[in-house]
Amino acid sequence: MATVNANGVDLRVNRYRTGPDGARPVVVFIHGLGIVDHSGLSFTLGMPLASVADVVLYAMRGHGHSEVPPAGYRLVDHVADLLALVDALAIDQPVRLVGCSYGGAVALAAAMQAPERVGAAFLVDPLVPHGEWPNRILPMFDSAADVLRGEYTLDEVMVSLGTTSRRRAASAAQRAERLLLGTTILDDLRAEPPLDAADFARIACPVEAVFGTDSEMYPTAATLKDLVPTVQLHTIVGADHLGIFSHTRELTDLLQPWAAS
Amino acid sequence: MDKASAELLCHNGSVNKGKSPLGGDMPTQETTVFEQVHRTVEEAIVAVVGRWYYDECQVTLESTFAEDIELESMEVMEIAERLIETYPDVDFVTWFSAMELEELVEITLGDVVSFIVRSLEQPATAG
């Protein structure tokens, strides 16, 4: 694991590649917002692609072991981090982006902002950054911040996270406090400027997306199709927003040919 | 712990020992490798979680990373990175890639040690 300074922020980065030498596509994973980082994706989706691509995973600013700057949590900041990271890693070809949840919004925004740098985008139950899109996640984060500002018990955290581990619950609460109460992320989400059809029209790369049919993101699949008519849509029946990431086999079956093509 | 790990543990623990010139059990080379790897993996975990917590967990070869040591995924990844640096010829990435999510969650210290030992014995085919 390496720490790479990109856009003035120290980001924790993992790279994976197996098999013979030679030129390959570069696939960069972008995780979601909150108490997660890139580690879960590394094991479940990233490493299985290492036989067909150069795989890069990183913890976004404010997440995991990456730096937690006090401000700068708009989409444009995450896109700047991503592009600076690609530069810092001396990747000289358009990258293929796998964006998960909020990472999907980052991937789409990167494809709008720097179409020549993004070769393809694969979105896993993405947050589609259109209309009042921050409102899809803000209530959850506002609610968590309210709990963290008050008195709460580890038992309550364990229940809300569905874990039996006091250690993991304590660590998650600490990370959530650091991000939600110690940075401008909530204000930044509220202040996000809307992206419109003209922004989406700048996307030049092929886009694929997979949605869980039980996910709150599923209704935005149609929105994405309107905004990016060439998008290739997939569904995983019965998967909700978090549950889709446990469907590793189905996701890998979609990602492998996409990454290798 | 998987069957291969259990067999390897059994193999190292009881069958594959000789007698030293002084009459005691003399560890074979294979036993020594297993113990060395065991110690290295323990050190990687301790480097991430700290000695106090590791000792508190009373970790054995059967201890699971998720349930018993209560590691977070970012800690497992950090441990994996340390092991990848220590054993560059061991293909951890392919090994992890072949696991279902449920198997990853149930991985034990003994599984990791046994995998490394097997890989060191057969670097071209392990994983």
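This is a predicted model: local features need pLDDT of at least 70, side-chain atom pairs count only at pLDDT 80 or more; totals for chains, interfaces and linings use all residues.
Let's begin with the overall layout. Chain A has an open sheet of eight strands, and its pairing is mixed. Read across the sheet, the order is β1-β2-β4-β3-β5-β6-β7-β8. The edges belong to β1(A), residues 2–6, and β8(A), residues 232–236. Each of these has a single partner strand, so one side of each is left without a neighbour in the sheet. On average, neighbouring strands are turned by 25 degrees against each other, if you ignore direction.

## A closer look at strand β4

Strand β4(A) covers residues 54–58, and five of its five residues are buried, so the strand is largely enclosed by the rest of the structure. For burial, the cut-off here is under 20% relative accessible area.

In the sheet order, β4(A) comes between β2(A) and β3(A). With β2(A), residues 9–16, the pairing is antiparallel and runs over four bridges. One pair to look for is Tyr16(A), whose bridge partner in β4(A) is Val55(A). With β3(A), residues 26–30, there are again four bridges, but these two strands run parallel. Here Val26(A) has Asp54(A) as its bridge partner in β4(A). The strands β3(A) and β4(A), together with helix α1(A) (residues 39–46), also make a right-handed β-α-β unit.

Next, a single residue in a helix. Leu161(A) lies in α5(A), which spans residues 154–161. Its relative accessibility is 37%, so Leu161(A) counts as partly exposed.

What does Leu161(A) touch, leaving aside neighbours within four places in sequence? The contacts are Ile35(A), Ala169(A) and Ala172(A). Ala173(A) is twelve residues away from Leu161(A) along the chain, and the C-alpha atoms of these two are separated by 9.8 Å.

## A salt bridge inside chain A

Over all chains, the count comes to eleven salt bridges. One within chain A joins the side chains of Arg117(A) and Asp87(A), with 2.7 Å from N to O. This pair links distant parts of the chain, 30 residues apart: Arg117(A) is in the loop between α3 and β6 of chain A, and Asp87(A) is in helix α2(A), residues 75–88.

Are the two partners buried or partly exposed? Arg117(A) has 23% relative accessibility, so it counts as partly exposed. Asp87(A) is at 48%, which also makes it partly exposed.

## Where chains A and B meet

Now for the interface. Chain A brings 28 residues to the contact and chain B brings 25 residues. Between them the two chains bury about 2200 Å², with 56% of it on carbon and sulfur atoms. How many salt bridges cross the interface of chain A and chain B? There are three.

In one of these, the side chains of Glu75(B) and Arg167(A) meet at 2.7 Å, N to O. Another pairs Glu72(B) with Arg175(A), where the closest N and O atoms are 2.8 Å apart. Glu72(B) is in the loop between α3 (51–56) and α4 (73–86) of chain B, and Arg175(A) is in helix α6(A), residues 166–181. Both are buried: Glu72(B) has a relative accessible area of 10%, and Arg175(A) has 13%.

Glu100(B) and Arg249(A) form a salt bridge too, again with side chains meeting at 2.7 Å, N to O. Glu100(B) comes from the loop between α5 (92–97) and α6 (101–105) of chain B, while Arg249(A) is in helix α10(A), residues 248–260. Glu100(B) is partly exposed, with a relative accessible area of 28%, and Arg249(A) is partly exposed as well, at 40% relative accessibility.

Methods: Residues are numbered from 1 along each chain as its sequence is written. Chains are lettered from A and ligands numbered from 1 in the order in which they are written. Side-chain values use heavy atoms; hydrogens and water are left out. Buried means under 20% relative accessible area, exposed over 50%, partly exposed in between (1.4 Å probe, protein chains only). Two strands pair if DSSP finds at least two bridges between them. A crossover is right-handed if, with the strands pointing away from the viewer, the path from the first strand over the helix to the second runs clockwise. Axes are lines fitted to C-alpha atoms, for helices over the stretch in contact, and angles run from 0 to 180 degrees between N-to-C directions. Contact means heavy atoms within 4.5 Å. Buried area is the accessible area (1.4 Å probe) that two parts lose on being put together, summed over both. A salt bridge is a side-chain nitrogen of Lys or Arg within 4 Å of a carboxyl oxygen of Asp or Glu.
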